[in-house]
Amino acid sequence: MERRKALMSSEPQTHRLNGISCANCAQTFENNVKDINGVEDAKVHFSTLKIDVVGEASIADIEKAGSFENIKVIRENTEPEKEPFWVRHDKVLLALLLVVFGFIANTMFGNAHYLPNLLYGLSALVGGLSLFKAGLINLTKFRFDMKTLMTIAVTGAALIGEWREAAVVVILFAISEALESYSMDKARSSIRSLMKISPNKARIRRNGSERTLAVADIMVGDIMLVKPGERIPMDGTIIDGFSSINQSSITGESMPAEKADGDDVFAGTINQDGFLEIEVTKEAEDTTIAKIIHMVEEAQEERAPAQQFVDRFAAYYTPAIIAIAALVAVIPPLFGGLWGTWVYQGLAVLVVGCPCALVVSTPVAIVTAIGNAARNGVLIKGGIHLEQIGTIGTIAFDKTGTLTQGTPQVTDIHFFTDKRSKALSCLKGLETKSNHPLAKAILTYLDDEHQHIPSAEVRSFTTVHGKGIQGEIDGETVYAGSPDFFKSESAKQIKNYQKAGKTVMLCGSNDELLMAVALRDEPRAESKPVIQKLHDLGIKQTYMLTGDHAQTANALKDDLKLTDVKSGLLPEDKLNFVKEQVNGNIAMIGDGINDTPALAASKVGIAMGSAGTDSALETADVALMGDDLNKLPYTIKLSRKALGIIKQNISFAIGIKILALLLVIPGWLTLWIAIFADMGATLLVTLNALRLIKIS
C-alpha cells in the first residue's frame, strides 16, 4: 500500500489522474482541490489527465475532492488497471435495466399505476447519483455548469411528475459523458503509444559486470548491451557494433538508418540486425523521446484561440441558458399559459442548452491533431501553432541543410588535356594534404569514381590563403584552387559552371591547365516537389534566405522554382527580413540553431531535423523530427483540416441548440428531443474530430 503522505511545497506537485470523464468534471474537481485547507492553487489538465497542486495536500485529500467522479491519483508512467465494461458502467446499466422494467410495467399496468413511476424514479436515482452530488455542490457554491443544468432539469421533471423523462435524461446524459470520455481517451492514445515504445529495463555493463536494471537506475556512462530486434532503452552513442536502426518512432521516417561506432541512437528506436554496445549519454527523463512526450503533453494542454473563444463563450452561455429557461417557465403562464406545460418546456430548455458538444468540440480536435502529428514525426508545440501554420501565406527557407544537403558535392569534371590520369593523380595528391571542406568533397568523389587512380607524391606543399594550394610533383609546381589562382582566361565551360551557381576548382601547372572540378551543395531530392506542393496548397511566396553570393542563390532558386531569394545575408539580416514582412504572416524553416533569431521572430518557427537537437526542440514552434521536408505540406494540410473541423464543430454545436430552442415557440420541445439533440451533437462533433487520426 502506497504511503499517502502530505505534500508541502511552494513548487507545484504534479500528479497523474484517472477517472475524469469530462471537461466540466475536471473544472469541478479543480475547484474542489482549491477548497482544500492548505492548498494555495491547483490546475487540472484535462487533455493530459494531470493536476498541479501548490501548497499542502495529501493524496487522500486530492482523491476525496474527486470522490464525486471516483477520481484517483496514479503513479507516473503506469497505466491504470482497466476494469471490465460492466464494472465501469454498472450504475448506468442498472439504471437502464430499471427503465426497461418501467416500460414493461407501464405496458402491463398503465400510467396510473405506482410501479412504473417507482421504477423510473429508482432508475434516475441510481444512474444520476454522482450527477446530483456534483450538481448540488455546484448550486450551493453558485457554480453553473453542465451538471448543474442537468440536476435542475431532472429534479424539476420529477417534481412535475415526469418520472420517465427524468430517468431517460439521466441515462442519455451518462451516455453523452461516456462518449466525451471515449473521444478524449482515443485522442490521447498517441501519447500512450509513445510512452510504451521505450523499454522499462535494460541490460547494462557497469564496472565490468553485467546486470539488468530499471531505466530510472541507469546512469550516464553505463554501457547498454542491445541485441538484434530489441528496442534501445536509452539515448546513447555506439561504441562497438554496426546495425540498421528503425527510428520511425522519433523521426517518422520508415527507412532504417545505418549506424556504427560514434553514431548517436535514441531511446525507443529498434535495433534491427546487429549487436550493439552503447554508452548512455542521457538519463531517462532527459531522453529525446521523454522530451517529445513532455512537450506533446504540454502542447495538447495549451489552449488554441478557438478553444479560448469557446471557454469565454461558455462562461456567459450557461448562465444565459438558465435565465432563458426561467423566462420560458414563468412568462407564458403569467399571460394565461399552463404552468405544468411551460415549466416542462423550461426544463427542456435547460437540457437542450447543456454545452457538452460545445465544450468538447475544440479540445478533442486539437488533441487528436497534435497526437497524429507526433506519430508522424512532427512536434507541434501547442494549439495556437497548430492553428497558425494553416493560415501561413509565406514561407522562408534557410538554404544550407534545409533546401540543400548541407555539404558540397562534385557535380561535374572537365579535362583540358588528354593526360586524364595525370590530372586526376595530381589533384588527388594535392587535395589529400588539404583540410578544406571542398578538398573532402573532391576526395570523396575521387575515391568513389576513380579509386584506381594513385595519389601523386607531393613535396613542398603550401596553402595560398584565399586562392588555393600548391606543391611540387615530379619537379613541377602544380596548383589547385579557384580560377583567380590561374593567370589564363577562364574557359567557356568554367563560366557555364559558375552561371549554374557552382563553385569551380581548377588544377594545373604554369605551362598548362589540366582540369576543372565543379561543386555545389546539391538540393535535396524532395525540395523541388515540396515547393510545388506548397504552391499548390496556396502558399503564395516561398523565399530562400542564404549567405551565399547572388549567382549561386539565383541558380538554386530557378532550379527549385522558388518565388524569390535573398542572398548574402548574415543571421541578423535574416531576422530583419522576417520582421519586415508587412503582414507578419510568415513561417521560417531552418536548422533550429543558426537561424534561431529568425525562427523566433516569425509567426511560426519550424526546426528541421530536430531529433537529438535539444535547442531545436526548445526554440521551435514546430519541429520536424526527421530530416524530411515532405512533413511540411503534411503539417499544413493537418492544420487546415483541424481548423475546418473545429469551425464545423462549433457551428454545429451552437446551431443544433438554436434549432432545438426554436421548438419552444410552438411548444414542441420535449425532454426527449432535448437530450437526444444534446447527445447527438456530442456524438457528431466527437466523430468529426476523430477523423483527424487518419490524416497522413
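Let me begin with a definition: a residue is buried when its relative accessible area is under 20%, exposed when that area is over 50%, and partly exposed in between, with a 1.4 Å probe and protein chains only. By that rule, 52% of the 696 residues of the protein chain count as buried. What you have above is a predicted model, in which local features need a pLDDT of at least 70 and side-chain atom pairs count only at pLDDT 80 or more, while totals for chains, interfaces and linings use all residues. Residues are numbered from 1 along each chain as its sequence is written, and side-chain values use heavy atoms, with hydrogens and water left out.

Confidence comes next. The pLDDT, which is the predictor's confidence in each residue on a scale from 0 to 100, averages 82 over the protein chain, and 87% of the residues score at least 70. Taking helices (H or I, at least four residues) and strands (E, at least two) as DSSP runs numbered from the N terminus, the chain has 27 helices and 26 strands; confidence is lowest in helix α25, residues 614–619, at a mean of 62, and highest in strand β7, residues 223–226, at 94. Over residues 1–9 the pLDDT stays under 50. Where pLDDT is low, the predicted coordinates should not be read in detail.

If contact means heavy atoms within 4.5 Å, then among contacts between residues at least 6 apart in sequence, 68% join residues at least 24 apart. A nonpolar core is a set of buried Ala, Val, Leu, Ile, Met, Phe, Trp, Tyr and Cys residues joined through side-chain atoms within 4.5 Å, and in the largest one, with 50 residues, I395, F397, I589 and I606 touch the most other members. Helix α26, residues 631–662, gives the largest share of this core, namely nine residues. Another core, of 42 residues, lies apart from it and includes A95, A167, V349 and A660. Returning to I606, its contacts, leaving aside neighbours within four places in sequence, include I389, A587, V622 and L632.

The side chains of R205 and E277 meet in one, at 2.9 Å from N to O; because R205 lies in strand β5 and E277 in strand β13, the pair ties together parts that are 72 residues apart in sequence. R205 is partly exposed at 26% relative accessibility, whereas E277 is buried at 15%. D398 forms a salt bridge with K574, the closest N and O atoms being 2.9 Å apart, and since D398 lies in strand β15 and K574 in helix α23, this pair ties together parts that are 176 residues apart in sequence. D398 is buried, with a relative accessible area of 7%, and K574 is buried as well, at 9%.

Finally, the surface. Accessible areas come from the Shrake-Rupley method with a 1.4 Å probe, and for residues only the protein chains shown count as cover; the total for the chain is about 31,800 Å², of which 55% belongs to carbon and sulfur atoms.

Terms used: A salt bridge is a side-chain nitrogen of Lys or Arg within 4 Å of a carboxyl oxygen of Asp or Glu.
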